[in-house]
Amino acid sequence: MPMPHEPESIPQPEPDSAPKQSADAAANADSNAQADSAEFADLGAPAEIDTEAAAAVVAAMSSTQRGRSFGRLTDAAAFMAACQGKVPAEPLRQPRVVIFHSALASPAPGSSDPSVSVPRSSATGSNGASSLRTPESQTAADDIAAGSAPVTTLARTHGAGVRLEEIPTDGAALEFGRSIADSEIDAGADLLIPGELTEGFSVEAAALFGAITKTEPVALASLEASLTTKQWQADVTAIRDHMFRFRRFPANLLDLVRECQMPTVQSLVGFILQATSRRTPVLVDGCLATVCGLIAEKIVPGTQPWLRSAQLSPEPAHIQAVQQLGLTPLLAFDLTTGQGTGGVLALSALNAAIELVADEVYAITDAINAHNHGARSSGELL
């Protein structure tokens with residue numbers, strides 16, 4: 001099979017025929033960018049994580065041979081200690097998966113799975129159309145509502161609740177994402193996993209990452225071994241065309257998100273920003289959610305410390321977005337299932353880390369207390 005390495009034969013885009021901005025238009029764009037950025041001024045920078053708590057966990061695990069043997073589980077437990085401000089971190093009580101779905105044509109069917117919350121259908125556009133709905137996404141939404149999707153199967157065994165949310169098509173997807181985060185946290189969620197219904201390689205996620213990082217399309221196309229050269233070239237062309245479309249949007253990142261006509265992206269960004277502003281850790285899973293986490297960090301610096309990468313897929317844009325965020329995935333199973341599936345799967349590693357490290361911290365504390373008690377009894381501390 002030929003290897004995908006012939007970008008020279010990729011068709012080139014048509015010259016941009018859009019008129020150049022006038023000075024007045026540019027000034028108006030700058031003014032609008034400032035106004036839109038002010039929308040998130042109420043968030044400010046998220047509260048800092050408790051780095052002292054994280055350092056205490058790392059120091060404790062480094063002090064014993066068994067603690068040192070835990071490897072990167074210590075890092076995961078330190079992350080949760082930093083988010084909770086407690087040493088050791090407490091076990092997760094109410095992790096929640098929220099899956100955003102663009103424009104369902106009708107309310108999702110009643111769920112036969114008690115762990116799945118299916119709200120009523122959100123408002124559709126003024127013409128009642130659901131142009132973003134696809135048969136595949138509708139099937140995935142139906143499976144989630146029925147409790148037969150991959151994410152619901154894993155959620156039942158990992159103690160996570162699943163919520164399927166239809167995104168309204170009234171242009172308020174950013175605020176919608178924020179409101180959903182608020183409702184989950186108000187109801188007691190102590191960790192959130194955002195998800196969406198994309199399965200397999202996401203051209204849109206790759207193009208969005210390329211647009212905000214100025215990465216060439218050839219570095220973002222799928223490297224799946226089964227692809228022929230022509231299929232790989234088609235991926236590159238599709239990514240390039242999407243990136244070319246993004247050039248027509250404002251340079252301000254928040255404006256780009258608002259005007260990119262990608263409600264799922266808008267909802268995910270708003271959801272992540274609101275969750276982290278309220279001191280709630282977020283497990284980002286998959287390419288699109290991770291790219292949205294990167295966007296959130298660029299819009300509101302200080303978001304990143306509240307994020308943890310759940311798992312690593314083989315998508316080049318996902319790998320590069322994780323690197324840009326400076327995160328280390330908990331798992332690397334090459335999942336491209338979507339739905340937050342990798343995030344739920346990573347809960348087992350995260351909970352194991354919390355439990356193991358807590359036991360070791362308590363054992364160390366007991367040993368120190370026993371030593372001090374014996375020293376006092378023998379008069380060594382007098």
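Helix α8 (residues 203-213) and helix α12 (residues 286-299) pack against each other in this predicted model, with axes that come within 9 Å and cross at roughly 25°. Since angles under 35 degrees count as roughly parallel, that crossing makes α8 roughly parallel to α12. As for handedness, α8 goes past α12 in a left-handed crossing.

**The α8/α12 contact**
- On the α8 side, the residues making the contact are Ala 205, Leu 208, Phe 209, Ile 212 and Thr 213.
- Across from them, α12 puts in Cys 287, Leu 288, Val 291, Leu 294 and Ile 295.
- Sorted by class, you get 9 nonpolar residues, 1 polar residue and no charged ones.

**How α8 sits in the chain**
- Most of α8 is covered, with 9 of its 11 residues buried.
- The buried set runs through Val 203, Ala 205, Ala 206, Ala 207, Leu 208, Phe 209, Gly 210, Ile 212 and Thr 213.

**The nonpolar cores**
- The largest nonpolar core has 55 residues, and the ones with the most contacts inside it are Phe 100, Ile 239, Val 265 and Ile 295.
- Ile 295 ties back to the helix pair, as it is one of the α12 residues in the contact with α8.
- Val 265 touches Leu 208, Val 257, Leu 288 and Cys 292, leaving out residues up to four places away in sequence.
- There's also a second, separate core of 47 residues, including Phe 70, Leu 331, Ala 346 and Ile 364.

**Leu 223, out in the loop**
- Leu 223 lies in the loop between α8 and α9.
- Leu 223 counts as exposed because its relative accessible area is 60%, and the cut-off for exposed is over 50%.
- Even so, Leu 223 has partners: with neighbours within four places in sequence set aside, it is in contact with Trp 232 and Pro 316.
- Leu 223 and Pro 316 are 93 residues apart along the chain, yet their C-alpha atoms are separated by 7.6 Å.

**The whole chain**
- In total, the chain has 14 helices and 6 strands.
- Out of 382 residues, 50% are buried.
- Looking at contacts between residues at least 6 apart in sequence, 76% join residues at least 24 apart.

Terms used:
Residues numbered from 1 in each chain as written. Predicted model: local features only at pLDDT ≥ 70, side-chain atom pairs only at ≥ 80, totals over all residues. Heavy atoms only, no water. Core = buried A, V, L, I, M, F, W, Y, C linked by side-chain atoms within 4.5 Å. Buried < 20%, exposed > 50% of the residue type's maximum accessible area, 1.4 Å probe, protein only. Contact = heavy atoms within 4.5 Å. Axes fitted to C-alpha atoms, helices over the stretch in contact; angles between N-to-C directions. Helix = DSSP H or I, 4+ residues; strand = E, 2+ residues; numbered from the N terminus. Parallel < 35°, antiparallel > 145°, perpendicular 65-115°, else oblique. Left-handed = near helix turned anticlockwise from the far one by under 90°. Nonpolar A, V, L, I, M, F, W, Y, C, P; charged D, E, K, R; others polar.
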